[in-house]
Amino acid sequence: MQQAPTISVVITTYNRPDALTAVVEACFLQDDKNFEIIIADDGSGANTRDCIDALRARAPVPLKHVWQPDEGFRAAMARNRGTLAANGDYIIFLDGDCIPQRDFIARHRALAQPGFLVSGSRILLSQRFTDQVLAEHIDVPGLGWFDKLRYRLRGDMNKVLQLMLRWPDLGRIRRKFSWRRIKSCNLAVWRADLEKVNGFDESFVGWGHEDSDLVVRLFHAGVLRKDGALATEVLHLWHREAKRDEESSNRKVVLQRAADKTIQATRGLREHQGESA
């Protein structure tokens, strides 16, 4: 019988303490509390540090804060440093604006299988509803089905059935590989597989496709993809889109690496070995 994995949730954040609070508090309310939280901070200021200190003081699970200086968009580096600070052998990457449902950890644990990553999905919340959730501290995962349907009909959620249904672990393996529609805001990978490909590649400049690049390299290393839909959905709080000046060039890099069957990150986990958390 396969042993249950030890899980670390690596949450990336940057100067959005209200959203981070909503995400971490939802983690505190998980049905399965056998996990730790690593907050991978891409250079936030004192407000976020104070927020994390307050969360740590009442955390029912271990919580660490890994910070790096603000030198532009460096989510790949933050995730690598978060991974190195983690104790788990199974890493779930979650963004600091993506609220997990109560069974998020339990469902990811159930889907975990050696040789596979699990790509989760998200439900988008409107700007209006996001503002309301954060201002009024609405527990969206705890809402009843009637309220969820009402928000869907109002246009405040782009999907709702995914919050109400659970699909068993059948037909989830994607035999035909695709790196598209990968979101590192909800992605689970075995730590050993991350080490095999040297983690996220920090040589990517600006926003875009560093998550797709990771999945491409994992596939070339023999890791297949499982679909986490109707099991691991998160509620994505609205935010303005990041600048995408480098998206086109980053996409070209991914396409070239897919063709070349690249496995190793140019600059990744190994380059941080020996750093103190």
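Me: What makes a pair of residues a salt bridge in this structure, and how many are found?
Reply: A salt bridge is a side-chain nitrogen of Lys or Arg within 4 Å of a carboxyl oxygen of Asp or Glu. A search of the whole structure finds 16 salt bridges. The model is predicted: local features need pLDDT of at least 70, side-chain atom pairs count only at pLDDT 80 or more, and totals for chains, interfaces and linings use all residues. Residues are numbered from 1 along each chain as its sequence is written, and side-chain values use heavy atoms, with hydrogens and water left out.

Me: Why do Glu25 and Arg58 count as a salt bridge?
Reply: Their side chains meet at 2.7 Å, N to O; the cut-off is within 4 Å, so the pair qualifies. Glu25 lies in helix H1 and Arg58 in the loop between helix H2 and strand S3, so the pair ties together parts that are 33 residues apart in sequence.

Me: Why is Arg79 called buried?
Reply: Buried means under 20% relative accessible area, exposed over 50%, and partly exposed in between (1.4 Å probe, protein chains only). Arg79 has 4% relative accessibility, so Arg79 counts as buried.

Me: What makes the pair of Arg79 and Ser184 a polar contact?
Reply: A polar contact is a pair of N or O atoms within 3.5 Å; within protein, one must be able to donate a hydrogen and the other to accept it, and residues adjacent in sequence count only if both atoms are side-chain atoms. The side chains of Arg79 and Ser184 make such a contact at 3.3 Å.

Me: Why is Met164 called partly exposed?
Reply: Met164 has a relative accessible area of 34%, so Met164 is partly exposed.

Note on methods. Helices (H or I, at least four residues) and strands (E, at least two) are DSSP runs, numbered from the N terminus.
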